[in-house]
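Visitor: Please take one part of this model and look at it closely, with the salt bridges as the way in. Please also say what is meant by each term as it comes up.

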Amino acid sequence: MKKLAVFLTALVWSLAPAAAQGYSELYEDEETVSLRECADSIAALKDEAATAAFVASHLKAYGVELLESSEMENFGIVGEAGDTLSFRNVVGIIPGFDKSLKSRYIVLGTSLSAENSASLALLLRLASKLSTTRVLTGRSIVVAAFGGASQDNAGSWYFLNRSFYFPRDIDAYISLDFFDNPNKGFYAFTGSNADLNRLIAAVSSELQPARPEVVASEPGMSDLRSFHAFEVPSVMFTTRRAGMQYRPEIDSMEFAELERQGEYIHNFCIALSTAPAPKFKPDGYDSDIPLVYFSECDQKPRFLGSSDPRYFLTKWVYAYLRYPQDALENAIRGKVRLSFVIDEKGKMTDVRVEKGVYPSLDAEAVRVVEASPDWKPGKLDGRPVKTKITVDVEFRLEKK
């Protein structure tokens, strides 16, 4: 009996420190613990330079070749006061294994910010896995952490327009952004690209530890926009939906779930690297029907009989617009600039946030515009065309 009491005391003593970790941490495997520790380390960094150095050193340790001899891309932009703001990109490459495809590229990236610690940790985890499984890849994988996110995603623009030697050889971009609390969902935003949607469905049909839900609305402004503007087919994997606030608190993360989502993204990368190159324009796009700007039409698109976009705002948008509660509570206001296309059949398509104000305001503006009834299509030379229109949706607060 005495021996049993001693044994039970020793057992309780040995379990006591682990119990303080909490249930989820107690059962985390070695890879999940490593992912958590990496995110914790990034979150503790103070500036972009330190974060860049951390990412670069880990990519090197995983055998990923850094593209620049300086190991980082340094670039500057002129600020409003005339001073030069300096930013950094960290870019590495994992060569493809297929001789016929290795000169084509898939970019896997996210923003270089300590606040983006979970996404950066996931990027590094995927770089490590892809480096190990490179014999399965066809195209080369470019791993990128883009600086200058606060300056309209300057890092990704610089990468595409200045520093990467073969931007026209990029077949797709995979964005990892807004990973905060994975248990609230796992989503994929493709901008309704039919080829990418089919590949997501194909990968999801196999045995996977996690499967994303494809969403129609952009979760938030990210480097994906730079690639989209460059007409690179792009997908964002994220745990955030449009209108949700981004809360990057590491303590609330379920890293075991993040690990499972990373496994899906790894499998998607492998599949994309060997699949036929996705097209930028979705299937069904008729290249014989031109896309023109509103001002170029001989006959402008008409909404309820009016060709003035302000009439659309007054009679439709402002009639159904709801002020999001979180923006109201924080007294956030401003103009959300949207672009959209009225196709040759008068359908509302391709609604995009060109200049956002706040996630929930952006999402609400998109929601109402996307729900628009049909228009009468615009015409050029007497023929219906796809017409691109830009409007400002204003959220205004009045003082009482």
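Visitor: Are Arg139 and Asp171 buried or exposed?

Guide: Both Arg139 and Asp171 are buried, a word that stands for under 20% relative accessible area, with exposed meaning over 50% and partly exposed lying in between (1.4 Å probe, protein chains only). The model is a predicted one, in which local features need pLDDT of at least 70 and side-chain atom pairs count only at pLDDT 80 or more, while totals for chains, interfaces and linings use all residues. Residues are numbered from 1 along each chain as its sequence is written, and side-chain values use heavy atoms, with hydrogens and water left out.

The side chains of Arg139 and Asp171 meet in a salt bridge, with 2.7 Å from N to O; the term requires a side-chain nitrogen of Lys or Arg within 4 Å of a carboxyl oxygen of Asp or Glu. This pair links distant parts of the chain, since Arg139 sits in the loop between H5 and E5 and Asp171 in strand E6, 32 residues apart. Helices (H or I, at least four residues) and strands (E, at least two) are DSSP runs, numbered from the N terminus.

Arg139 and Asp171 also belong to a network of salt bridges that links them with Arg104 and Asp169.

Glu263 lies in helix H9 (residues 255–274) and Lys129 in helix H5, so the pair ties together parts that are 134 residues apart in sequence. Glu263 counts as partly exposed at 25% relative accessibility, but Lys129, at 18%, counts as buried.

The loop that holds Arg139 runs between helix H5 (117–132) and strand E5 (140–146), and Val135 lies in it too. Together with Phe97 and Leu136, Val135 makes a nonpolar surface patch of about 320 Å². Such patches are made of residues with over 30% relative accessible area and no salt bridge, like charges being joined within 9 Å and nonpolar side chains (Val, Leu, Ile, Met, Phe, Trp, Tyr) within 5 Å. The areas themselves come from the Shrake-Rupley method with a 1.4 Å probe, and for residues only the protein chains shown count as cover.

Leu304, in the loop between strand E10 (291–293) and helix H10 (309–320), has a phi near 50 degrees, a positive value in a residue other than glycine, and is exposed, with a relative accessible area of 57%. Asp381, in the loop between E13 and strand E14 (383–384), has a phi near 55 degrees, again positive in a residue other than glycine, and is exposed with a relative accessible area of 68%.
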